[in-house]
Amino acid sequence: MIVTLIVICEVGFWVLLAAGLAARYLLKMPRTGIALLLCEPLLEVLLLVVTAIDLKNGADPSWKHGLAALYIGYTVGHGHRTVKWLDGHAAHRFGGAPRPPKPPQYGMARARHEGKVWLGSVTAAAVASGLLLLAALYVGDDGNTDSLYGWILVAWRTAGIHGLIALSYAIWPRKAPAGEASAVPARDPEHVPDLLVRRPSKDEEQV
């Protein structure tokens, strides 16, 4: 049941996201779109309540409950970033907003970006660990809680591996290819550097 509910919550997340963006930009109903987007956390609350009820009814803690905690943690740690990224692209495609800037690809800017994404994984691990600890306390000494504590190790091991990957961008920053490094980025005509603007000659100035 828990695994089925996780699948339902995952599908519901994308359905609500698509419906919210469609209402906001296609139907020109921004308040309805925001309301639909704000309903997404209710899916995680539902999953948490059902998991607690399952344990209360005598179910032995298993990998299903640990997976539910990790799913909720991932949504808390990375869900906002995902929604913001998709909202930016929807605003550009359907709302006439500027194209969202791409994440930096090279140098320390890329390292800082990867560090911010890694903080989302740390948040996910912390939330999942908190939920798993609460579940272990809820079960108490009457049940086997080894699997719950095992999932805590999985959460932090995953965050640790992600952290090492993010750190590698700071230790060995990627360098831009020579062609991209020397290329002048496109800008609006009003912000063209002075060196690229043709200056009038003295004869033209006298005229």
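Of the 207 residues in the protein chain, 31% count as buried. The model is a predicted one, and the stops below go from the whole chain to single side chains.

**Whole chain.** Colour by secondary structure. The protein chain has eight helices and zero strands, so the pattern along the sequence reads α-α-α-α-α-α-α-α. Switch to a surface view next: the accessible surface of the protein chain comes to about 14000 Å², and carbon and sulfur atoms account for 66% of that area. For the contacts within the chain, take those between residues at least 6 apart in sequence; 72% of these join residues at least 24 apart.

**Helix 1 and helix 3.** Select residues 2-26, which are helix 1, and residues 40-56, which are helix 3. Two packed helices are described by the angle between their axes and the distance between the axes. Here the axes come within 9 Å and cross at roughly 170°. Angles over 145 degrees count as roughly antiparallel, and helix 1 and helix 3 are therefore roughly antiparallel to each other.

**The contact between them.** Show side chains on both helices. On the helix 1 side, select Ile2, Leu5, Ile6, Cys9, Gly12, Phe13, Leu16 and Leu17. On the helix 3 side, the residues they meet are Glu40, Leu43, Leu46, Leu47, Val50, Thr51 and Asp54. The residues of this contact divide into eleven nonpolar, two polar and two charged.

**Threonine 51.** Stay in helix 3 and centre on threonine 51. Is this residue buried or exposed? Threonine 51 has a relative accessible area of 10%, and because the limit for buried is under 20%, threonine 51 counts as buried. Which residues does threonine 51 touch, leaving aside those up to four places away in sequence? They are Ile2, His65 and Ala68.

How many aromatic pairs does a search of the whole structure find? The search finds one. Phenylalanine 13 and tryptophan 14 form this pair, with 5.2 Å centre to centre and 90° between the planes. Planes over 60 degrees apart count as edge-to-face, and the pair is therefore edge-to-face.

Now compare the accessibility of the two partners. Phenylalanine 13 is buried, at a relative accessible area of 8%, whereas tryptophan 14, at 40%, counts as partly exposed.

Note on methods. Residues numbered from 1 in each chain as written. Predicted model: local features only at pLDDT ≥ 70, side-chain atom pairs only at ≥ 80, totals over all residues. Heavy atoms only, no water. Helix = DSSP H or I, 4+ residues; strand = E, 2+ residues; numbered from the N terminus. Buried < 20%, exposed > 50% of the residue type's maximum accessible area, 1.4 Å probe, protein only. Contact = heavy atoms within 4.5 Å. Areas by Shrake-Rupley, 256 points an atom, 1.4 Å probe, with all protein chains shown as cover. Axes fitted to C-alpha atoms, helices over the stretch in contact; angles between N-to-C directions. Parallel < 35°, antiparallel > 145°, perpendicular 65-115°, else oblique. Nonpolar A, V, L, I, M, F, W, Y, C, P; charged D, E, K, R; others polar. Phe/Tyr/Trp six-rings, centres within 6.5 Å; stacked < 30°, edge-to-face > 60°.
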